[in-house]
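Grab your viewer and work through a few exercises with me. Each one sets a task and then walks through a solution.

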2 protein chains.
Amino acid sequence: MILCSIADLSRASGATPRTLRFWESEGLIQPKREGQRRLYDQRARTRVKLIQRGQRLGFSLAEIREIVDLYDAPAEEAAQLSLLLARIAARRRQLEAKRADIEETLAELESVAAVCKERLVNLEGDAQ
Amino acid sequence: MILCSIADLSRASGATPRTLRFWESEGLIQPKREGQRRLYDQRARTRVKLIQRGQRLGFSLAEIREIVDLYDAPAEEAAQLSLLLARIAARRRQLEAKRADIEETLAELESVAAVCKERLVNLEGDAQ
DNA sequence: ACTAACGTTTACGTAAACGTCAACTTTTGA
DNA sequence: TCAAAAGTTGACGTTTACGTAAACGTTAGT
């Protein structure tokens with residue numbers, strides 16, 4: 001299954017055909033063509049997964065495009081490589097900040113949960 | 001500084017007055033009133049920070065409202081406490097899934113960075 | 001041969017999360 | 001006292017990320 005139709009990829013990914021066409025119009029994926037019809041190869045399917053992961057993390061499509069472009073930027077010159085490394089470092093910092101937000105939220109939720117559990121235990125004790 | 005104006009909170013938080021009023025209209029914050037004017041206490045300011053953190057994590061305002069409401073839900077009965085604990089557990093799983101997405105992305109970016117650095121070293125070697 | 005099923009482009013509609021006036025009242029410093 | 005500054009409530013505009021519908025071409029099974 002090296003190439004698949006838009007319906008196949010839609011079923012496999014959960015994204016609607018409309019969404020896949022929209023992402024293409026935004027330059028996020030570039031499927032092959034057989035006449036008019038789109039044909040998605042492994043590279044396109046991988047990018048769809050990257051797009052969806054980016055969305056789960058709250059990135060806009062514009063940011064997602066920049067992120068996935070980091071993966072296959074054809075860097076030859078030293079200057080291009082340095083620029084690419086700088087961009088990767090910036091995204092890493094951004095992701096680490098998000099991770100820190102997550103850790104804080106998790107800690108707070110755990111603390112609320114602890115209070116809840118204690119109250120539950122007290123209620124059970126009163127009931128006996 | 002137990003109470004502050006909308007302009008004060010706007011400066012302190014980075015959210016515009018329009019945004020603060022919008023969040024209020026959506027039921028995310030409930031400032032006091034002095035006549036017509038809004039007065040924000042510490043509780044309101046804390047909620048603003050929670051909202052902004054939720055936004056950085058890609059949650060919608062509807063989700064954020066559910067999340068911040070977990071912090072001050074007045075659970076008295078055992079049934080309410082159990083429900084609250086279940087909701088907290090669901091949010092925890094969601095946050096852990098996001099964290100896993102972040103770890104994957106970080107790992108991939110590091111691998112791309114490693115390739116870049118290797119190429120850079122090779123280029124420097126060729127130059128000598 | 002024919003009709004579903006699948007695909008295409010084009011265009012308009014929509015929900016979320018505010019931005020941007022407008023028109024007006026209230027407060028406050030000179 | 002009086003004008004600037006700050007605040008208020010509508011109401012309409014904007015961007016993002018698609019949904020939905022129209023009108024049409026292509027392909028596959030009976």
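Predicted model: local features only at pLDDT ≥ 70, side-chain atom pairs only at ≥ 80, totals over all residues.

**Exercise 1. Work out which parts of the protein face DNA strand C, and which contacts they make.**

Step 1: start with the neighbours. There are 17 residues around DNA strand C, and the nearest are A:Arg38, B:Thr16, B:Arg37, B:Gln55 and B:Leu61.

Step 2: ask what part of the DNA they touch. Among the atoms of DNA strand C within 4 Å of the protein, 75% are sugar or phosphate atoms, and the rest are base atoms.

Step 3: look at single contacts. A:Arg38 has a polar side-chain atom 2.8 Å from a phosphate oxygen of DNA strand C. A:Arg37 has a side-chain N or O atom 2.9 Å from a sugar or linking oxygen.

Step 4: Two or more residues of the surface near DNA strand C come from each of helix H1 (6–13) and strand E2 (37–39) of chain A, and helix H2 (17–25) of chain B. H2(B) gives the most, with four residues.

Step 5: sort by class. The surface near DNA strand C has five nonpolar, six polar and six charged residues.

**Exercise 2. Do the analysis again for DNA strand D.**

Step 1: DNA strand D has 17 residues around it, with A:Thr16, A:Gln55, A:Leu61, B:Arg37 and B:Arg38 the closest.

Step 2: of the atoms of DNA strand D within 4 Å of the protein, 69% belong to sugar or phosphate, with bases making up the rest.

Step 3: check chain B against the phosphates. B:Arg21 places a polar side-chain atom 3.1 Å from a phosphate oxygen of DNA strand D, and B:Arg33 places one 3.3 Å from a phosphate oxygen. B:Ala7 uses a backbone N or O atom instead, 3.4 Å from a phosphate oxygen.

Step 4: the elements that each supply at least two residues here are helix H2 (17–25) of chain A and, from chain B, helix H1 (6–13) and strand E2 (37–39). H2(A) gives the most, four residues.

Step 5: the class count for this surface is five nonpolar, six polar and six charged.

**Exercise 3. Find a partner for A:Glu24 and decide whether A:Glu24 is buried or exposed.**

Step 1: A:Glu24 belongs to helix H2 of chain A.

Step 2: check accessibility. The relative accessible area of A:Glu24 is 19%, so A:Glu24 is buried, the cut-off being under 20%.

**Exercise 4. Describe the largest pocket.**

Step 1: the volume is about 200 Å³.

Step 2: the lining includes A:Glu66, A:Leu70, A:Gln80, A:Leu84 and A:Arg91.

Step 3: helix H4 (61–71) and helix H5 (78–127) of chain A each give at least two lining residues. H5(A) has the largest share, six residues.

Step 4: by class, the lining holds seven nonpolar, one polar and four charged residues.

**Exercise 5. Which residues of helix H4 of chain B are buried, and why are they on the same side?**

Step 1: the buried ones are B:Ile64, B:Ile67, B:Val68 and B:Leu70.

Step 2: these residues lie on the same side of H4(B) because they cover an arc of only 140° around the axis.

Note on methods: Residues numbered from 1 in each chain as written. Chains lettered and ligands numbered in written order. Heavy atoms only, no water. Near = heavy atom within 4 Å. Polar contact = N/O pair within 3.5 Å; in protein donor to acceptor, adjacent residues only side chain to side chain. Nonpolar A, V, L, I, M, F, W, Y, C, P; charged D, E, K, R; others polar. 1 Å grid on protein atoms, 1.4 Å probe; cavity = no way out; pocket = protein on both sides within 12 Å on 5 of 7 lines; lining within 4 Å. Points joined across faces, edges and corners; volume = space filled by probe spheres on them. Buried < 20%, exposed > 50% of the residue type's maximum accessible area, 1.4 Å probe, protein only. Arc of directions from axis to C-beta.
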